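Subject: Structure handover

Hi,

Here is the structure I promised to pass on. Please load it first, then read my notes below.

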Amino acid sequence: QYSAHTWKMASEMEADLVLPRRVPITLTHVQYSEGDLLGMLLAWFSLLPIFLLVSFVTLVMFRRDLHTICFLIGIVMNEGFNLVLKHLIKDPRPPNDVYTHSLLVEYGMPSSHAQFMACFATYFSLFIFIRVILSTGAWDYFWKTVSSILTVGAALTVCISRLYLGYHSLSQILYGIIAGCVTGGVWFLIVQFALSPFFPQIYSWKISQIFLIRDMSRIPNILWYEYTSVREETRKRMRSKSQ
């Protein structure tokens, strides 16, 4: 058994040790004031970029469409661009935020959540208005407008959540929106006019055939094409079984 003197010496030696600072992974660490229902809802809503990113990876794995892959690449590059801007500007987060100031070690200008959602909303809106054709007439314009409004509304809600929860200042969010809109718009133009003409060539590569990469950029109505293709294939298989 250790004596009291030994335990005292061990405690003093432990106190003299300089432990490294504990650094949290802040990807999903979102806090809100206890009892604040609105804060809780906004905290969950601020996780939307993570849900979208996971959905993107899942969509790429199952569809393997070149344009979807380019969309994901643009989102990832936008995150890298945000990281570079933060370390160049080095603007700290709001100093009046008591419960997050000790947890967050990264800079806050521009807001990565705002930039992510702005990039996504910009690219998505341009994509559905320019690339997607489901029908002609007023219905086509109606559903595209509604989809774009909902996407922009979700992006704004995420931005509001970061401001309400005290993770960013208003200027950090506004500059994040600007950076995201520019990144999303520029990347869409690059994909539309510079990369899309090479999709047929990329589609014919041996490695693309191995990984089942598809080029659906020449199909105006993808939903209708997939519906009719699956329906026709199902009928063929049913006829073959009945024979």
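**Leucine 52 and its surroundings**

Leucine 52 is in contact with Phe116, Met117 and Phe120, once its neighbours within four places in sequence are left aside. Bear in mind that this is a predicted model. Leucine 52 sits in helix α3. Its relative accessibility is 17%, under the 20% cut-off, so leucine 52 counts as buried.

**Overall make-up**

The protein chain has 11 helices and 0 strands. It has 243 residues, of which 34% count as buried. Look at contacts with a separation of 6 or more: 70% of them join residues 24 or more positions apart.

**The core**

Which residues have the most contacts inside the largest nonpolar core? They are Phe56, Phe71, Ile75, Met117, Phe120, Tyr123 and Val191, in a core of 21 residues. Five helices each supply at least two residues of this core: α3 (48-63), α4, α6, α7 (138-164) and α8 (170-195). The largest share comes from α6, with 6 residues.

Valine 191 deserves a look of its own. Not counting residues up to four places away in sequence, valine 191 touches His67, Cys70, Tyr123, Ser196 and Phe199.

**α4 against α6**

Helix α4 covers residues 66-89 and helix α6 covers residues 112-130. Their axes come within 10 Å and cross at roughly 150 degrees. That angle is over 145 degrees, so α4 is roughly antiparallel to α6. The crossing is right-handed.

Here is who makes the contact:

- From α4: His67, Phe71, Ile75, Asn78, Glu79, Phe81, Asn82, Leu85 and Lys86.
- From α6: Ser112, Gln115, Phe116, Cys119, Phe120, Tyr123, Phe124 and Phe127.

By class, this contact of α4 with α6 has 10 nonpolar, 5 polar and 2 charged residues.

**Lysine 86**

Is lysine 86 buried or exposed? Its relative accessibility is 2%, so lysine 86 counts as buried. Lysine 86 lies in helix α4. Leaving aside neighbours within four places in sequence, lysine 86 is in contact with Asp91, Arg93, Glu106, Tyr107, Gly108, Met109, Pro110 and Ser112. Of these, Ser112 is also listed on the α6 side of the contact between α4 and α6.

**α7 against α8**

The axes of α7 and α8 come within 9 Å and cross at roughly 155 degrees. Again the angle is over 145 degrees, so α7 is roughly antiparallel to α8. This crossing is right-handed. On the α7 side, the contact has Cys159, Arg162 and Leu163. On the α8 side, it has Leu170, Ile173 and Ile177. By class, that gives 5 nonpolar, no polar and 1 charged residues.

**Leucine 150**

Leucine 150 is in helix α7. At 59% relative accessibility it is over the 50% cut-off, so leucine 150 counts as exposed.

Best regards

Key. Residues are numbered from 1 along each chain as its sequence is written. This is a predicted model: local features need pLDDT of at least 70, side-chain atom pairs count only at pLDDT 80 or more; totals for chains, interfaces and linings use all residues. Side-chain values use heavy atoms; hydrogens and water are left out. Axes are lines fitted to C-alpha atoms, for helices over the stretch in contact, and angles run from 0 to 180 degrees between N-to-C directions. Helices (H or I, at least four residues) and strands (E, at least two) are DSSP runs, numbered from the N terminus. Angles under 35 degrees count as roughly parallel, over 145 as roughly antiparallel, 65 to 115 as roughly perpendicular and the rest as oblique. A crossing is left-handed if the near helix is turned anticlockwise from the far one by less than a right angle, and right-handed if clockwise. Contact means heavy atoms within 4.5 Å. Ala, Val, Leu, Ile, Met, Phe, Trp, Tyr, Cys and Pro count as nonpolar, Asp, Glu, Lys and Arg as charged, and the others, Gly among them, as polar. A nonpolar core is a set of buried Ala, Val, Leu, Ile, Met, Phe, Trp, Tyr and Cys residues joined through side-chain atoms within 4.5 Å. Buried means under 20% relative accessible area, exposed over 50%, partly exposed in between (1.4 Å probe, protein chains only).
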